[in-house]
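Welcome! Here is a short tour for anyone meeting this structure for the first time. Take a look at the model, then follow the notes below.

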Amino acid sequence: MKKHKPTASVSVHDLEEQALSQLTATKYKEAIKLYKELLQTADNEQWHQKLAYCYIQRAKDFAAKGMYKEALVLWENHVQHAQPPYDAYDQYIIWLFETNNLPSIKASLSQLSAQQLDKQYPELAAVLGLLMLGKYSEFQQDLPQDSSVIAHFNIVQTALQAYQNNQTDKLRETLKKLPYRSAFRDLRTLLNASLVMSDSLIKAQALLVKIPVNSPYYQAARVMLACTREGAELAEALRLLDYQQRSIVAEIKGFNKKQQDFIQHYSRLHDNLSDKVQFNLATQYKSLIGTEVARQFCQTTLTHYPAGNKAFNKHFGEASEFEENRINALNCEREENLYDAEYYWRGCLGHLNKGDPVDNLKAALILRRIATWEPEAEDRINVLIESLDYDANDHESYLAITQHFSQKPENAKAYKLWLTKTLDQFPQDIEALTFAVKAATANKTFKKACQYADKILKTDPLNTFAKQTLFSSHMAHAQQLMRDKSYHLVEKEIKHAEKINLIKANQKQLQLMRALLFFANEDKQQGLQSITQELDALHTNPVSRHFHATMEALLNGLPVTTILRELAPAKDYLLSENELRAFIQQLTPYTTNDEEQAFLHKALEKVKAPLKKSLSEQGYPEELLLNFCKVLDSIQHFELLRHIAKPALIKWKNPIWTYYQIYANNNAEAANCSADEVRRLKLAHKVAVENKDHPTIILFEKLLDSYFDANPQQGLSFLDDLFAGFVDEDDEDHDPMEELFGHLEQGVMIKLNEKAESIMKKTTPDRLIQGLMKNQGNQEAVLMAMMQSPDILSALMLLKAADELKIDIEVDLNDVINTFGILTDDKPFPFPF
């Protein structure tokens, strides 16, 4: 296009709009052309300012690319369109330094004022300070003599003279005269670091890392920092330096020629450190790093660089049979061939001397390594037990073994044995003592439980579990003594409990216990009054008071009717939503103890009428009723469960209520379900699958599996034809869920289902699979299979729930994959937890 001078004001306006648009878009080159064209039409001050601004920004862009000459030309162009003081004058002078233009530098320095140097241009002042300390000391004559830079320069010269004369006290005192914002503050930091380096490398490092990257002293700080490093840290620090800087560090550290060669070689090859390069470095410099260290490193490298075997034999001789087996085992592990890996690791054991402590530790570590991938819990524990024959002091192994045997009642004898061994080996260990507390509590040996809890508190005075256990044990023992009418001993237990730093609820419970003791042993009427007062303090409603009074009377062997007679009647009371929530929490502590569960049913019988009335009339939210059902299910109270489920199913029509209604109607005996109930269960199960309600799906499948186990002939009935697809037509006799989890008790399944429900609120199926498979195997295939069969997701949810609850269910990821017949071409997965 031909350039032409705009002839109309509209054209000038459009040109100005274009120029401003280019400037806003940071297209400074185009903006400069447009503003120069505008200035041909008129001498506009605003256009001059904008053109000067564009020249400055473009100059900075060139300087950032190291094109300092071009930057200088652009800056000088901006002067033609601006008035002093000029923008970026400090940067202009620094760019002059980069071009080594001494006449221009000296002329520019003479134009600086003290105000500019001390206040406006701190970066330039720092650069000038460093240059004056070097080969450009004459610059001080060109600077304003009344500036702080000149005053501080004189102080620094005195400090450096003291440093050269090794006058450390004088150096410290001189450096204190430099203010915080001095242009020489980073030099002061360098000198202070040099003062403390001989006493504390950590303090020196802390000082040196404070020097910022844009400081002219930064490169010196990097060199000094490298001098404080050793070993791998030193090698990494040297790699980041240039050749000259590395040479300085080498001289300071006193490296010999071989060491310097190694550092240069390592730094040059660092970005291409393949296994082969590392192997060759180790063999080439084995005299430097030590033959034994080099040999061990090369042996380890051979696991993924087998081509180095010939070179290894040349430099170090043939490896021992132990090493051959070790290398083969590691190679098998890398290929996920765990079967052969175990074979080679056990081959290693045959070449170790059991009388040698070092060899014993090696053997123990090998066995613990094998244990980590054993798919079966029993095999894993047996390997850990075997490892203790070689190293009897491994804390984690003892705890893992004890944890395993604590899971099942049939392992009670082994649990007792290993708990004793663990406590003998680690008598003060909190985790071991926690096992002991739980075992003693389960066995109702409350004195022992108190002794173990006391030991925990001596190590960890704030341990809430130990405190609560100690209190509960004293209370349980007091109840036992109360039933035996050993009242003088009850008082002792109460006093022991009082010594614990109690929460408010425990204090109230203790006061109630005193009232019960007073009723049993001293004055019945006054005791009844005290009991009533304490129950009033504990609960806001008569239903909770009646329930609590009944439980305490039964647990302490006291007459229930006599105590209840003193309380305000509860028959017609309606519980509010919050009161029902509190009542459910009140039930929960009694659900885990078999003896207390028996009393629990009797206590609920006393408040059944107001509970039913409240459930019928109050209109509680669904989630609250579901929580109540879970508690009632755990204690097998089917009457109340039926009372909730029937109207809830009519009101909400969710599949879970079909489950609870049929489950409660048959008192959890799946075998007693009618054909119509089985039909309803299947229909509700289908809805739960469509809704992706996985915890509910698990409950349905467990109940239906139990039904068909008890009634195998029903599996061939017409119902299966009507509702085809529920049973796998290709494999009617194979039920994966039953095969995986059928051995678990109902109580365990309830806990797992509750936990699975909680987990599903926090995760998605794809995240669950990613977490379980740990980025191994064909995750997409598992996800696709899961979409075709919800049972797979249910199984994975139960695995995750068991892991979080620390329950050994003897099922792992391999079992799920193999049982459902997915990923048959993939290699087995390691146990993910």
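Asn166 sits in the loop that runs between helix H9 (148-164) and helix H10 (168-175). Its phi is near 60 degrees, a positive value in a residue other than glycine. Please keep in mind that this is a predicted model.

- Most residues other than glycine have a negative phi, and most peptide bonds are trans.
- Asn166 counts as exposed because its relative accessibility is 63%.
- Asn100, which is not a glycine, also has a positive phi, of about 60 degrees. Asn100 belongs to the loop between H5 and helix H6 (102-110), and with a relative accessible area of 49% it is partly exposed.
- Pro84 and Pro85 are joined by a cis peptide bond, with omega about -10 degrees. Pro85 is found in the loop between H4 and H5.

**Helix H4**

- Helix H4 (residues 68-79) has 12 residues, which at 1.5 Å a residue should span 16 Å; the end C-alpha atoms are 17 Å apart, in agreement.
- Which residues of H4 are buried? They are Ala71, Leu72, Leu74, Trp75 and His78.
- Seen down the axis of H4, these buried residues fall within an arc of 165 degrees, so they line one face of the helix.
- Their packing partners are helix H3 (45-64) and helix H5 (89-99).

**Helices H14 and H15**

- Two packed helices are described by the angle between their axes and the distance between the axes.
- For helix H14 (residues 231-239) and helix H15 (residues 243-253), the axes come within 10 Å and cross at roughly 145 degrees. The crossing of H14 and H15 is right-handed.
- On the H14 side, Leu234, Leu238 and Arg239 meet Arg246, Val249 and Lys253 of H15.

- Helix H28 (residues 446-459) has 14 residues and should span 20 Å at 1.5 Å a residue; its end C-alpha atoms are 20 Å apart, which agrees.
- The buried residues in H28 are Phe446, Ala449, Cys450, Ala453, Ile456 and Leu457. They fall within an arc of 120 degrees when seen down the axis of H28, so they line one face of the helix.
- Lys447, Gln451 and Lys458 are exposed on the other side of H28.
- The cover over the buried residues of H28 includes H27 and helix H29 (464-483).
- Leu433 is part of helix H27 (residues 430-442) and counts as buried, at 0% relative accessibility. Beyond residues up to four places away in sequence, Leu433 touches Leu423, Pro427, Gln428, Tyr452, Lys455 and Ile456.
- Asn463 lies in the loop between H28 and H29 and, at 12% relative accessibility, counts as buried. Leaving out residues up to four places away in sequence, Asn463 touches Ile430, Ile456 and Leu457.

- In soluble globular proteins, nonpolar side chains tend to be buried together.
- The largest nonpolar core has 123 residues, of which Trp345, Phe547, Phe583, Leu604, Phe628, Trp657 and Tyr660 touch the most other members. Helix H31 (residues 504-521) gives the largest share of this core, 8 residues.
- Apart from this core lies another, of 67 residues, among them Val12, Leu23, Val149 and Leu171.
- Trp657 touches residues including Glu622, Leu625, Cys629, Ile644 and Trp652, not counting residues up to four places away in sequence.

Notes: Residues numbered from 1 in each chain as written. Predicted model: local features only at pLDDT ≥ 70, side-chain atom pairs only at ≥ 80, totals over all residues. Heavy atoms only, no water. Helix = DSSP H or I, 4+ residues; strand = E, 2+ residues; numbered from the N terminus. Expected span 1.5 Å × (residues − 1). Buried < 20%, exposed > 50% of the residue type's maximum accessible area, 1.4 Å probe, protein only. Arc of directions from axis to C-beta. Contact = heavy atoms within 4.5 Å. Core = buried A, V, L, I, M, F, W, Y, C linked by side-chain atoms within 4.5 Å. Axes fitted to C-alpha atoms, helices over the stretch in contact; angles between N-to-C directions. Left-handed = near helix turned anticlockwise from the far one by under 90°.
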